[in-house]
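Colleague: I have not looked at this one before. Can you put it up and take me through it?

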Amino acid sequence: MIKIENLIKEYNLVEVVNIPSLTFEFGESIGLVGNNGAGKTTLFSMLLDLIAPSKGTIYSKDTSVASSEEWKSYTASFLDETFLIDYLTAEEYFEFVGRVRGVSVEQIKSQVSEYSSFFNGEVLGQKKYIRDFSKGNQKKIGIVGCFIGNPELVVLDEPFANLDPTTQIRLKELIRRKMEDRKMTIIVSSHDLQHTFDISDRVILMEKGKVVKDVNKASGSFDELMEYFNQ
Ligand SMILES: Nc1ncnc2c1ncn2[C@@H]1O[C@H](COP(=O)(O)OP(=O)(O)OP(=O)(O)O)[C@@H](O)[C@H]1O
């Protein structure tokens, strides 16, 4: 579904991403891990055409994301709270996102209601603007907004950060449920190795802009990744 070719991003002549070749298959759940500054967010930003690569191309369904808008119709992402519209209530935001994705108001309401346990009573019916929610609840709104309309590709940057332990566990269940029928590709970056391993078919480890490990959960082991971080 996603094909990365000869991708380089430089800032001030320093390479922060250098990925010669990488593919993500449709229906895969991919975890992206790596220490601070490894290049995870920069990679996501290029995948979502928020920044331009210095060299190379990212293809989504064989079309370059930098030269077409086609991928936007089946892709949803939440990198941080700047992706939200903070002067809307949560309900207004979901309605806005749903309308953009061609989902009817009734369907939006019904889809959003599926996440009531994830929201834990703190998001719906609060009569407050997104900017007035806590960071964790803003994150919940952003994550659920991604799933409205069941896009084919979901990109989440550090979705576990700022969430309380109960919500982290519920998020893992939610992602696993979403992946059950393999009709979605999910790419998640995280500093939480255990959570990443729990929800991913494949874990990719980045270091200084490069992919240094690409572990398939079926054949690789969690210990293999832990060893890297224990050095
Ligand atoms: N606009 C920019 N100008 C200069 N350097 C940048 C810019 N954006 C990112 N970088 C650098 O690129 C490198 C990769 O940053 P990036 O945010 O992608 O890492 P990350 O893996 O997401 O890190 P973290 O886990 O801390 O969020 C870092 O060294 C960062 O300082």
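Modeller: Start with I141, which touches L84, A90, Y93, V123, I130 and F133, leaving out residues up to four places away in sequence. Two residues are in contact if their C-beta atoms, placed from the backbone, lie within 7 Å.

Colleague: Before we go on, what kind of model is this, and how are residues numbered?

Modeller: This is a predicted model: local features need pLDDT of at least 70, side-chain atom pairs count only at pLDDT 80 or more, and totals for chains, interfaces and linings use all residues. Residues are numbered from 1 along each chain as its sequence is written.

Colleague: Back to the core. Which residues touch the most other members of the largest nonpolar core?

Modeller: L47, I141 and V154 do, in a core of 57 residues. Helix α5 (residues 135-147) gives the largest share of this core, five residues. A nonpolar core here is a set of buried Ala, Val, Leu, Ile, Met, Phe, Trp, Tyr and Cys residues joined through C-beta atoms within 7 Å.

Colleague: What counts as buried?

Modeller: A residue is buried if 20 or more other C-beta atoms lie within 10 Å of its own, exposed if 12 or fewer, and partly exposed in between, with C-beta atoms placed from the backbone. Helices (H or I, at least four residues) and strands (E, at least two) are DSSP runs, numbered from the N terminus.

Colleague: Let's take a helix. Which residues of α6 are buried?

Modeller: T167, L171, L174 and I175 are buried in α6. Seen down the axis of α6, the buried residues fall within an arc of 95 degrees, so they line one face of the helix. The arc is that of the directions from the helix axis to the C-beta atoms.

Colleague: Why would residues a few places apart point the same way?

Modeller: An α-helix has 3.6 residues a turn, so residues three or four places apart point the same way.

Colleague: And what is on the other side of α6?

Modeller: P165, T166, R176 and R177 are exposed there. The buried residues of α6 are covered by elements including β3 (29-33), α4 (116-119), α5, β8 (185-189) and α7 (193-199).

Colleague: How far does α6 reach from its first C-alpha to its last?

Modeller: Helix α6 (residues 165-179) has 15 residues and reaches 21 Å, close to the 21 Å expected at 1.5 Å a residue. The expected span is 1.5 Å times one less than the number of residues.

Colleague: What about α2, which residues are buried there?

Modeller: In helix α2 (residues 90-100), A90, Y93, F94, V97 and G98 are buried. Down the axis of α2 they fall within an arc of 130 degrees, so they line one face of the helix. Their cover includes α3 (105-113) and α5. Just after α2, G102 takes a positive phi of about 75 degrees.

Colleague: Which residues other than glycine have a positive phi?

Modeller: L13 is one of them, with a phi of about 70 degrees. L13 is in the loop between β1 (2-11) and β2 (14-24), and it is exposed, with 6 other C-beta atoms within 10 Å. K61 is another, with phi near 45 degrees. K61 sits in the loop between β4 (55-60) and β5 (63-64) and is partly exposed, with 16 other C-beta atoms within 10 Å.

Colleague: New topic. Which residues surround the ligand?

Modeller: Y11, V16, G34, N36, G37, A38, G39, K40, T41 and T42 surround the ligand. A residue is near a molecule or strand if its C-beta atom, placed from the backbone, lies within 6 Å of it. Helix α1 (residues 40-47) supplies the largest share of the shell, three residues.

Colleague: How does that shell split by class?

Modeller: The shell has three nonpolar, six polar and one charged residues. Ala, Val, Leu, Ile, Met, Phe, Trp, Tyr, Cys and Pro count as nonpolar, Asp, Glu, Lys and Arg as charged, and the others, Gly among them, as polar.

Colleague: Last one, a loop. Where is D86, and what does D86 contact?

Modeller: D86 is in the loop between β6 (75-78) and α2. Apart from neighbours within four places in sequence, D86 is in contact with Y129, I130 and R131. D86 is partly exposed, with 14 other C-beta atoms within 10 Å.
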